[in-house]
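I opened this entry to record what I looked up in the structure. The notes follow the order in which I took up each part.

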Amino acid sequence: MHKLRDELFKSFGTDFQSSFSSHGSLAFNLPLTFPLDREETTIYEDFFFRLKDDFGFIMLLDLTLETDGSKKSLVYQFLNLEVYFRLQVRVDIGEGQFFASLASLYPSAQAFEEDICQHEDIYISNGLKSQQRVLLAQGKKKVKIKELPKYELPLRPESEASEKKWQRFGPYESPFKGKARADFLHGNGKVFDIEMERGLHFRNFEKQTLKKDFFHLTFLFERLSLKDCVFAPLLWVETMEERLKIEVPDKARALRMVWMELARSENHLLFLWELTHDLGFFAEASVFAELLEQIYHLYNLYAGKTQNFPLFNFGGMVKAAPLGWGTETLEAAKYIFKVLEDVDGELHRNSRWMKETQDFPMSATTAIELGITGPNLRACGVNFDSRKSRPRYFYDDVEFEVPLGIDGTTYDRFLVRLHELKQSLRIINQVLDHLPAGDYLNKNHVLYNPLLEKRGVDFENGFSGAQEAFRKEESFTMVESSEGQLGLYLKTDESGLKHLHIRSSSLVHFYSYPTLVRGGSINGALTAFQSLNIDPWEMDR
Amino acid sequence: MEASVINSKSFLARMKSWSRAELMSPFIVGGNCCTRELARLSGPNPQAANIREDLIDNKAAGSCDVLIVSGVINEKSQAYLRELYESLMEPRYVMAVGMCTASGALFETIPLDSFLPVDIYIGGCPPTLESLIAGIEKMRSMVRRGEGQREIHAQA
């Protein structure tokens, strides 16, 4: 890792302003402003080309647009998967309205660039099919720079051409269930083209965080994802703890691990239930639903609620685990593990299950280029899990394996999640067996306030401490959530939050769907959408 | 509807609302945290034994009469919801689940009753299973009594 950092610094450090940020990452500022002339364009293209080819930054993790008055700049995050090294590149685009697309070099850039164009008054100068704003209502604000030729499929037999038709699926009917709308061009049971529309849950999350009070942000983060209230608030709390160097007691660290794994297993159970239910395996679906209830019971015992409850506080947890909760969790884990073994065997023996799910393979290189992370990436056979590559808390000390798929089919995505669920239960068992003694909350820091433990009170008084938390700083933090890398880019000033951006894995998975299903069967395409497990609440933000 | 004199007309009216109440077919507008709680109703839950099992399966909107809406409403979903409401079977009932739909609370979005008539609100972020069951039971009794059928009154 250090070798890579030195080499990077040697090659680019003299040309560009650069700074070492936190452990395992480096930041570059490109001294170029748009629009570029011919010489600058070659420097610009050469820089990204060399990053990918010579230095192994094969994944574009994130892209965000920062505005400072009238000045705009793009912040790219690249990842070297082999040594888990992150590189941040900042490109100033001045006051212009256009920026160059990186989609030809990094296909995953399409998702982020389109997302930026939804939120800001800025356009991409090359490479994209449509410039229509999907987060707003159709017809309200249509912007089209120029007409580009429509994508045409190379293989199109003439006999089938006459039977092709456009059909609308969703947004509220199965299997889309309020996630998105999809228009399929299909004929003879085959998908020829697809147009997707998202933005049904757009609520301007990122901009709203800048308006709200600092201590209200935890409430918002609890409601970022639809499927859990664990990873997003944990990421927010961790980011602030890292900045202010707040120590977290061992007991709180262990409890956080348990909660992360509980949320992961709940997410995977929800996925298994939805997939089996949609394919008509009602007996198996009811078993998964029953297992889900086991986990909801644990949630109820801890917080009195099954969703959107407060868990994390700066410096620890909101409250200690109630008496006997650990024992209940251990028993539930044992029960779930036992039942899963039986269901797994039954599904393996079912020929219809095997037939309907073994479709739509995806190669490892395509998955990396599209920016897919989490179980969907591991289903393609890529061994990448940040719990292993950069262990935090006690992930170093517990024993667990990272299950991998082979072809990246729907079946592989199912199998990887099933086995990850078992590994999560294994981690929970190990941590609860060796739960450290001590306090659940560190109270000696700037952000501690006793009022935060009681929810629903007015936070107007006594929070001068929060002001000390802010200085001129920017950071990008990530957590291995149940569906991939959830990231948070945060820029602060002495006056407060300046820019907040969330890296959502569901957004990337959504934009990878058309490439996955083009040319496949229509029935399988609908199942494949379910198998990507997209979280619309997190995707639209 | 509680007519003291029972004749063939009032009997048929009662019969109609009774059958409507027993065979309520809801259409769930979901994709958010409240939907997860609604999905639990169709699960193996002893509390929710009286609720129909196929609550979570969305059939064609034309064969449904109850619209259960949850989650934030923006300009785009507003357009889809209007379209959906008009395709429902008459008489139509609307249930607003959760805080976002009722008032646009946390994210300052559009409340549902600004553009659709709402019959029942269920509060909470998200509502608990108990309050969901109570809300559905309340709606059922409302339909049985023949209340809230705006379209029918408007026609007469």
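**Strand β5 of chain A**

I began with strand β5 (residues 85-94) of chain A, where nine of the 10 residues are buried, so the strand is largely enclosed by the rest of the structure. Buried here means under 20% relative accessible area, exposed over 50%, and partly exposed in between (1.4 Å probe, protein chains only). Helices (H or I, at least four residues) and strands (E, at least two) are DSSP runs, numbered from the N terminus.

The model is predicted: local features need pLDDT of at least 70, side-chain atom pairs count only at pLDDT 80 or more, and totals for chains, interfaces and linings use all residues. Residues are numbered from 1 along each chain as its sequence is written, chains are lettered from A and ligands numbered from 1 in the order in which they are written, and side-chain values use heavy atoms, with hydrogens and water left out.

I then looked up the partner of β5(A). Strand β4 (residues 71-80) of chain A runs antiparallel to β5(A), with nine bridges joining them; pairing requires that DSSP find at least two bridges between two strands. A:Val75 stands opposite A:Arg90 in β5(A). The two strands form a hairpin with four residues between them, and A:Tyr84 in the turn has a positive phi of about 55°.

Among the buried residues are A:Thr527, A:Ala528 and A:Ser531. Just after α18(A), A:Asn533 takes a positive phi of about 55°.

What does A:Thr410 touch, leaving aside its neighbours within four places in sequence? I listed A:Thr357, A:Asp359, A:Thr527, A:Ala528 and A:Ser531, contact being heavy atoms within 4.5 Å. A:Thr410 is in helix α15 (residues 410-433) of chain A and is buried, with a relative accessible area of 2%.

**Salt bridges within the chains**

I took a salt bridge as a side-chain nitrogen of Lys or Arg within 4 Å of a carboxyl oxygen of Asp or Glu. The structure holds 33 of them over all chains. A:Arg264 and A:Glu261 meet in one (3.2 Å, N to O), and both lie in helix α8 of chain A, three residues apart, about one turn of the helix. A:Arg264 is buried at 0% relative accessible area, and A:Glu261 likewise counts as buried at 0%.

In chain B, B:Arg140 and B:Glu137 form a salt bridge (3.8 Å, N to O). Both lie in helix α5 (residues 129-145) of chain B. B:Arg140 is buried, with a relative accessible area of 11%, whereas B:Glu137 is partly exposed at 32%.

**Between chains A and B**

In contact are 44 residues of chain A and 35 residues of chain B. The area buried between the chains is about 3,400 Å², with carbon and sulfur atoms giving 56%; this is the accessible area (1.4 Å probe) that two parts lose on being put together, summed over both. A:Tyr172, A:Gln307 and A:Trp537 supply 20% of the area that chain A buries against chain B, more than any other three residues.

How many salt bridges cross the interface? The rule finds two. B:Arg36 forms a salt bridge with A:Glu266, the closest N and O atoms being 2.6 Å apart.
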